[in-house]
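Subject: Structure handover

Hi,

My notes follow below it.

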Amino acid sequence: MSSDPSCTVYIGNLDERVSDRVLYDILIQAGRVVDLHIPRDKETDRSKGFAFAEYETEEIADYAVRLFTGLVTLYNRTLRFGVSGQDKATPNLQAPSMFTSNYPFKSRLHEDVAMSPLPRHAQG
């Protein structure tokens, strides 16, 4: 599906009645959706309960996860969102705050800062 997993969002806790079109119409609110895939059982053609949406950029994928987490409920099920390939998160029962970390999802900004070397003048 995706050539870049960091642009792909996992959507979990999906009811089998959710159609591609309904899910797409929700996801497009965060940005351009390049591809949407809802895996189905080969024998019954029922949804397996999750989907993958590829966004145009990594930033849009991150934004979609922050925007939709704890917000989207379809058929009495609150959907779960995460950037594909990141560690599984523990459920967060409270909606994320705009002013705190994105727990339970890792922030790429924090990883980049922690991984970048100190400038020469700051090394001592």
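Is Glu16 buried, partly exposed or exposed? Glu16 counts as partly exposed, at 40% relative accessibility. Please keep in mind that this is a predicted model.

**Overall layout**

The chain has 124 residues, and 32% of them count as buried. It holds three helices and six strands. Read from the N terminus, the order of elements is β-α-β-β-α-β-β-β-α. Take the contacts between residues at least 6 apart in sequence: 60% of them join residues at least 24 apart. The accessible surface of the chain is about 8,700 Å². Carbon and sulfur atoms account for 51% of that surface.

**Salt bridges**

The whole structure contains six salt bridges. Back to Glu16, then. Its partner is Arg46, with the closest N and O atoms 3.5 Å apart.

Asp20 is partly exposed, at 38% relative accessibility. Arg40 is partly exposed too, with a relative accessible area of 30%.

Another salt bridge joins the side chains of Arg21 and Asp25, at 3.3 Å from N to O. Both residues lie in helix 1, four residues apart, or about one turn of the helix. An α-helix has 3.6 residues a turn, so residues three or four places apart point the same way. Arg21 is exposed, with a relative accessible area of 54%. Asp25 is partly exposed, at 35%. Elsewhere, salt bridges with shared partners link Asp15, Arg17 and Arg77 into one network.

**Strand pairing**

Strand 3 covers residues 50-55. Which way do strand 1 and strand 3 run relative to each other, parallel or antiparallel? They run antiparallel, and five bridges join them. Strand 2 (residues 33-37) pairs with strand 3 as well, again in the antiparallel sense, over four bridges.

Glu54 in strand 3 stands opposite Thr8. Thr8 is buried, with a relative accessible area of 3%. The C-alpha atoms of Thr8 and Thr57 are separated by 8.9 Å, although the two residues are 49 apart along the chain.

**Helix 2 and what follows**

Which residues of helix 2 (residues 58-68) are buried? They are Ile60, Ala61, Asp62, Ala64, Val65 and Phe68. Thr69 is in the loop between helix 2 and strand 4 (73-74). Thr69 is buried, with a relative accessible area of 15%. Its side chain reaches back to the backbone oxygen of Val65, at 2.5 Å. Gly70 also follows helix 2, and its phi is positive, near 75°.

**Backbone angles to check**

Most residues other than glycine have a negative phi. Which values do Asn13 and Tyr75 take? Phi of Asn13 is positive, near 65°. Phi of Tyr75 is positive as well, near 55°.

Asn13 is placed in the loop between strand 1 and helix 1 (20-27). Asn13 is partly exposed, with a relative accessible area of 23%. Tyr75 lies in the loop between strand 4 and strand 5 (77-78). Tyr75 is partly exposed, at 44% relative accessible area.

Best wishes

Conventions. Residues are numbered from 1 along each chain as its sequence is written. This is a predicted model: local features need pLDDT of at least 70, side-chain atom pairs count only at pLDDT 80 or more; totals for chains, interfaces and linings use all residues. Side-chain values use heavy atoms; hydrogens and water are left out. Buried means under 20% relative accessible area, exposed over 50%, partly exposed in between (1.4 Å probe, protein chains only). Helices (H or I, at least four residues) and strands (E, at least two) are DSSP runs, numbered from the N terminus. Two strands pair if DSSP finds at least two bridges between them. A polar contact is a pair of N or O atoms within 3.5 Å; within protein, one must be able to donate a hydrogen and the other to accept it, and residues adjacent in sequence count only if both atoms are side-chain atoms. Contact means heavy atoms within 4.5 Å. Accessible areas come from the Shrake-Rupley method with a 1.4 Å probe; for residues, only the protein chains shown count as cover. A salt bridge is a side-chain nitrogen of Lys or Arg within 4 Å of a carboxyl oxygen of Asp or Glu.
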